[in-house]
Amino acid sequence: MHLNDRILAVDDNVDNLAILEELLGGEYTLRCAINGEDALRVAPEFKPNLVLLDLMMPGLNGHETCDLLRRIPELAAIKIVMVSARRDVRDRLSAYDAGAVDYISKPFHEQEVLAKVRTWMKMIHAQHVEGILQEIDRTREVVGTALVNLASFRDAETGDHLFRLRWYSHTLAEHTAMFDPYRRQIDEQFLQQLYRASPLHDIGKVGIDDAILRKPGPLTPAEFEVIKRHTVIGADILSRAAEKLPHADYLKMAVQVARHHHERWDGGGYPDGLAGEAIPLAARIVAVADVFDALTSDRVYKRAMAASDAANIIEDNSGSQFDPSVVDAFRSRFEEFRQAQGRCAAGVSMSDGELVGASSPSNWSGVGVDHVEHALIL
């Protein structure tokens, strides 16, 4: 039974309508019209999925009725199957020219009618599902863009940072996927989700006071504790979005990235003190990308560092702050990172699929809150 599928049968011969009612009435919701004028009156309210339309009728014929039905905005995509006792090829071609999608000959052959109606209903369902999926995807993009804009509006430099971070993260993930133990974890779906999720890693900064977020000097321990809250705030924002938008599957990864991109491989990070592979893989990847970009970009509290110096810091912290496998991927793709960062330093703005600001190195120390560590925690 497909009683939600609606068929409008239009024929001036009531015997033909009775046959169609017997054939289709038990499987579909069927409405009958005895002429073209009646069909034009019924169709806007009934909103049929499929119309079985007689070609030869008094008054408006099938061609004219078909044309007028298609001019009704809400029925523009309707499927119309022309029905006629005329079997000439020219009649069939004229039906297609009028906008019909198929042709059924009279007298009716039961199996032909059922087969064609069922086939067209399956195609209508498939198109409907495809339309829903496209709308879901458009919603994902709109939501993702809105969230990224929310993440970036607090800092003038963050917009380009988000595009760079997306590219760095995707590049690291692609290379990490080439080797065990991650080749089974990183597939095309993972890469697509990471592409959308990675720019949302710092969305929680919308909840941090500007006086701390834009502070040009070192943070106090109390201020550092406030800054650390951006991971939890961000995860909460994205969790709420994920609950409202279950089809936006990348938001689940975005929650993990926002909450855990400051965890450390050795367990000394925040907010949950996770260690090793207990840290979500996407967050481990974004952590390396984020630190490289932070170190090689000008910020209010520091000047940019040369790419090679940033690479040395990342490699020195492999196995302590960072997943060694991700650092191996970074080492293997460093030349691409260096070239991309060079384009940024030259002022090339980065947009989707293309790269985007740098360079005096700061001293690295794992203790205190100097400018380098300031870069790492933000």
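1. D11, D54 and K106 are joined in a network of salt bridges (a salt bridge being a side-chain nitrogen of Lys or Arg within 4 Å of a carboxyl oxygen of Asp or Glu). The model is predicted, so local features need pLDDT of at least 70 and side-chain atom pairs count only at pLDDT 80 or more, while totals for chains, interfaces and linings use all residues. Residues are numbered from 1 along each chain as its sequence is written, and side-chain values use heavy atoms, with hydrogens and water left out.

2. N16 lies in helix 1 (residues 14–24); helices (H or I, at least four residues) and strands (E, at least two) are DSSP runs, numbered from the N terminus. Its side chain makes a polar contact with the side chain of D11 at 3.4 Å (a pair of N or O atoms within 3.5 Å; within protein, one must be able to donate a hydrogen and the other to accept it, and residues adjacent in sequence count only if both atoms are side-chain atoms). Neighbours within four places in sequence aside, N16 is in contact with D11, K106 and F108 (heavy atoms within 4.5 Å).

3. N16 counts as buried because its relative accessibility is 13% (buried is under 20% relative accessible area, exposed over 50%, partly exposed in between; 1.4 Å probe, protein chains only).

4. The whole structure holds 23 salt bridges. One of them pairs E27 with R118 (3.1 Å, N to O). This pair links distant parts of the chain, 91 residues apart: E27 is in the loop between helix 1 and strand 2 (28–33), R118 in helix 5 (residues 110–152). E27 is buried at 16%, whereas R118 is partly exposed at 37%.
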